[in-house]
Every structure is written in C-alpha cells, then in structure tokens.
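Keep the structure open as you read.

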Amino acid sequence: MELACTAFQDVVRCLFTSEIDIVATVHVKSDPFTDALKRRADIELVQVNRANRDALPEGLAARFDTP
C-alpha cells in the first residue's frame, strides 16, 4: 500500500539521497519505484534466504560499526 503513496515515495527518495546509512527490505516482485531504487549504483542488494538469514543481523551491524 505504501508504494502507491506519493508522499511515502518522496520520503524514501529523500532518505536514499541523504548522507545516512539505510538498511531496507524490499520485495523481489517488480515495481517501477522499487526497481529504480534497486538499480542505484550506491545500493548493495543482499538476498535473504534460509542459509544467511540468521547471520545477517550481526553481519549488517558490523558493517555499520566501522567508519
């Protein structure tokens, strides 16, 4: 539902162009708005699966702990 909201999209675009670090979950399904975010050069996509889901929180936290 949020994806249909222009105000939500505007806020997300603003966040992604800011200097803050962001961790976000995005569905795999194709959508013009999320597809554009996923194509950004400054984005790293990490697919969550059974093999990596338990280690992801610690791994992501470690990335943000280092300057």
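A helix here is a DSSP run of H or I with at least four residues, and helices are numbered from the N terminus. By that naming, T34 sits in helix α2. Bear in mind that what you're looking at is a predicted model.

Let's begin with α1, which spans residues 6-16. Its buried residues are Q9, V12 and F16. They lie on the same side of α1, because the arc they cover around the axis is only 65°.

Is T34 buried or exposed? T34 has a relative accessible area of 4%, which means it is buried, the cut-off being under 20%. Setting aside residues up to four places away in sequence, T34 touches L3, V26, H27 and K29.

That list leads us to L3, in the segment before α1. L3 counts as partly exposed, because its relative accessible area is 26%. Ignoring neighbours within four places in sequence, L3 is in contact with F8, Q9, H27, D31, F33 and T34. Among these, Q9 is one of the buried residues of α1, while T34 belongs to α2. H27 turns up as a contact of L3 and also of T34.

Finally, look from L3 over to A55, 52 residues apart along the chain: their C-alpha atoms are separated by 29 Å.

Note on methods: Residues are numbered from 1 along each chain as its sequence is written. This is a predicted model: local features need pLDDT of at least 70, side-chain atom pairs count only at pLDDT 80 or more; totals for chains, interfaces and linings use all residues. Side-chain values use heavy atoms; hydrogens and water are left out. Buried means under 20% relative accessible area, exposed over 50%, partly exposed in between (1.4 Å probe, protein chains only). Helices (H or I, at least four residues) and strands (E, at least two) are DSSP runs, numbered from the N terminus. The arc is that of the directions from the helix axis to the C-beta atoms. Contact means heavy atoms within 4.5 Å.
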